[in-house]
Amino acid sequence: LGALLTHWLHVTEADFDNLWLLVTITNLTTLLPLPLLFLLPSDSAVSDADNTALETLDGSTTEEESPEPALSSL
């Protein structure tokens, strides 16, 4: 799409007259997904079982577990 837009705006290696417009349009198109953010699931969609699984994967402990005491070196 960027190449097509470049062609439509007649931006070439010798003609940069519409380069400002091309850069503006391409930068503004990065904002297009913002109105769709409401479609993303919220944090409350993650269940407690999923949270527990994630905690065990990253090595963190839960409140019920007690960390093992560190061995002291001599």
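Histidine 10 lies in the loop between α1 and α2, where helices (H or I, at least four residues) and strands (E, at least two) are DSSP runs numbered from the N terminus. This is a predicted model, in which local features need pLDDT of at least 70 and side-chain atom pairs count only at pLDDT 80 or more, while totals for chains, interfaces and linings use all residues. Residues are numbered from 1 along each chain as its sequence is written, and side-chain values use heavy atoms, with hydrogens and water left out.

**Overall make-up and confidence**

- The protein has three helices and zero strands, and its elements run α-α-α from the N terminus on.
- Of the 74 residues in the protein, 5% are buried; buried means under 20% relative accessible area, exposed means over 50%, and partly exposed is in between, with a 1.4 Å probe and protein chains only.
- The accessible surface of the protein is about 7,000 Å², and carbon and sulfur atoms account for 64% of it; such areas come from the Shrake-Rupley method with a 1.4 Å probe, and for residues only the protein chains shown count as cover.
- The mean pLDDT (the predictor's confidence in each residue, from 0 to 100) is 81 for the protein, with 61% of its residues reaching 70 or more.
- Confidence is highest in α2, at a mean of 96, and lowest in α3, at 66.

**The loop between α1 and α2**

- Histidine 10 has a positive phi of about 60 degrees although it is not a glycine, and this residue counts as exposed because its relative accessibility is 54%.
- Threonine 12 is also placed in the loop between α1 (2-8) and α2 (19-29), and it is partly exposed because its relative accessible area is 41%.
- The side chain of threonine 12 reaches the backbone nitrogen of aspartate 15 at 3.0 Å.
- Asparagine 18, in the loop between α1 and α2, counts as partly exposed because its relative accessibility is 28%.
- Between asparagine 18 and threonine 6 there are 8.8 Å in space, C-alpha to C-alpha, and the two are twelve residues apart in sequence.

**The annotated span and the leucine patch**

- An unreviewed UniProt entry places the feature "transmembrane region" at residues 20-40; UniProt positions are given in the numbering used here, feature names are shortened, and annotations may be inferred rather than shown by experiment.
- Residues 20-40 are 48% helix and 0% strand, and the end C-alpha atoms of this span lie 33 Å apart.
- Leu28, Leu31, Leu34, Leu37 and Leu40 form a nonpolar patch on the surface, with about 500 Å² of accessible area together. Patches are made of residues with over 30% relative accessible area and no salt bridge, like charges being joined within 9 Å and nonpolar side chains (Val, Leu, Ile, Met, Phe, Trp, Tyr) within 5 Å; a salt bridge is a side-chain nitrogen of Lys or Arg within 4 Å of a carboxyl oxygen of Asp or Glu.
- Leucine 31 lies in the loop between α2 and α3 (48-58), and it counts as partly exposed because its relative accessibility is 45%.

Definitions and conventions: Polar contact = N/O pair within 3.5 Å; in protein donor to acceptor, adjacent residues only side chain to side chain.
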